[in-house]
Amino acid sequence: MNRIPIAVLFLLLTFLAAPHGLAQQHGDINHHKAVAGKDPTTSSYSGMEKRRVKALSDEQISDLMAGRGMGLALAAELNSYPGPSHVLDLRDALDLSDEQASRTKALLDQMKAETIPLGRRIIEEETELDRLFSERKITSTHLVEMTKTIADVQGALRAAHLRYHLDMAELLTSEQIGRYSQLRGYSGRVD
């Protein structure tokens with residue numbers, strides 16, 4: 001029997017646990033529980049069978065195509081490592097110098113150049129997986145290969161988003177990072 005490497009399982013579990021990440025496809029966390037007043041035999045997945053890519057919502061597809069973070073960098077964001085897109089949104093409030101703004105824009109452009117192709121690849125791989133299930137052509141071996149590939153690309157996407165948060169933190173002063181955290185509604189304290 002094929003075994004999935006521990007690293008792949010870890011990445012998959014990380015995505016499943018990430019709020020607003022790729023794994024959050026169903027709305028509320030209790031999506032399996034029957035909604036009051038609804039037939040308990042009707043799945044909360046009802047209607048998703050009409051999606052273009054069953055495993056991805058239209059919003060997720062749009063986010064992947066645009067290189068948006070989708071919560072993939074929360075480990076950085078919530079630990080005082082600002083994201084380039086949000087820094088640019090807060091340029092005036094953070095009192096960015098022209099050089100900081102220019103370098104932040106360059107980071108954002110580089111991030112999108114890296115993450116958009118990865119997002120497209122996830123959509124392509126999920127589309128292929130969906131097609132194979134739809135046509136009843138999926139095999140256990142192919143399933144393991146495809147889910148590993150998808151997990152690898154998702155891991156690369158998350159790593160890219162996290163890396164640009166690291167790069168962004170190097171461009172800002174500790175005061176700007178503290179202000180960023182305050183403006184974003186997090187603790188203003190920077191260790």
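1. A residue counts as exposed when its relative accessible area is over 50%. K137, with a relative accessible area of 53%, is therefore exposed. The model is a predicted one, and K137 forms a salt bridge with E135 in which the closest N and O atoms are 3.4 Å apart. E135 is partly exposed, at 37%. Both residues belong to a network of salt bridges that also links E128 and R131.

2. The whole structure holds 12 salt bridges. One of them joins the side chains of E77 and R184, at 3.1 Å from N to O. E77 is in helix α3 and R184 in the segment after α7, so this pair ties together parts that are 107 residues apart in sequence. E77 is buried, with a relative accessible area of 5%, while R184 is partly exposed, at 32%.

3. The salt bridge between K148 and D152 has its closest N and O atoms 2.9 Å apart. These two residues are four apart in helix α6, and so are separated by about one helical turn. K148 is partly exposed at 33% relative accessibility, and D152 is partly exposed at 34%.

4. The largest nonpolar core has 15 residues, and those with the most contacts inside it include V87, L94, M168 and Y180. Helices α5 (98-134), α6 (140-171) and α7 (174-183) each contribute at least two residues to this core. Another core lies apart from it and has 11 residues, among them M70, L72, L118 and I123.

5. Y180 is one of the buried residues of α7, together with Q176, I177, G178 and S181. The buried residues of α7 pack against α3 (74-77), α4, α5 and α6. Beyond its neighbours within four places in sequence, Y180 touches E77, P82, G83, H86, V87, L90 and L94. After α7 comes G185, with a positive phi near 90 degrees.

6. L90 sits in the loop between α4 (84-89) and α5. Its C-alpha is 7.7 Å from that of Y180, although L90 and Y180 are 90 residues apart in sequence.

7. The axes of α2 (residues 58-66) and α5 come within 6 Å and cross at roughly 140 degrees. The two helices, α2 and α5, are therefore oblique to each other. From α2, I61, L64, M65 and A66 meet K112, T115, I116, G119, R120, I122 and I123 of α5. The contact of α2 with α5 comprises seven nonpolar, two polar and two charged residues.

Methods
Residues numbered from 1 in each chain as written. Predicted model: local features only at pLDDT ≥ 70, side-chain atom pairs only at ≥ 80, totals over all residues. Heavy atoms only, no water. Core = buried A, V, L, I, M, F, W, Y, C linked by side-chain atoms within 4.5 Å. Buried < 20%, exposed > 50% of the residue type's maximum accessible area, 1.4 Å probe, protein only. Contact = heavy atoms within 4.5 Å. Axes fitted to C-alpha atoms, helices over the stretch in contact; angles between N-to-C directions. Parallel < 35°, antiparallel > 145°, perpendicular 65-115°, else oblique. Nonpolar A, V, L, I, M, F, W, Y, C, P; charged D, E, K, R; others polar. Salt bridge = Lys/Arg side-chain N within 4 Å of Asp/Glu carboxyl O.
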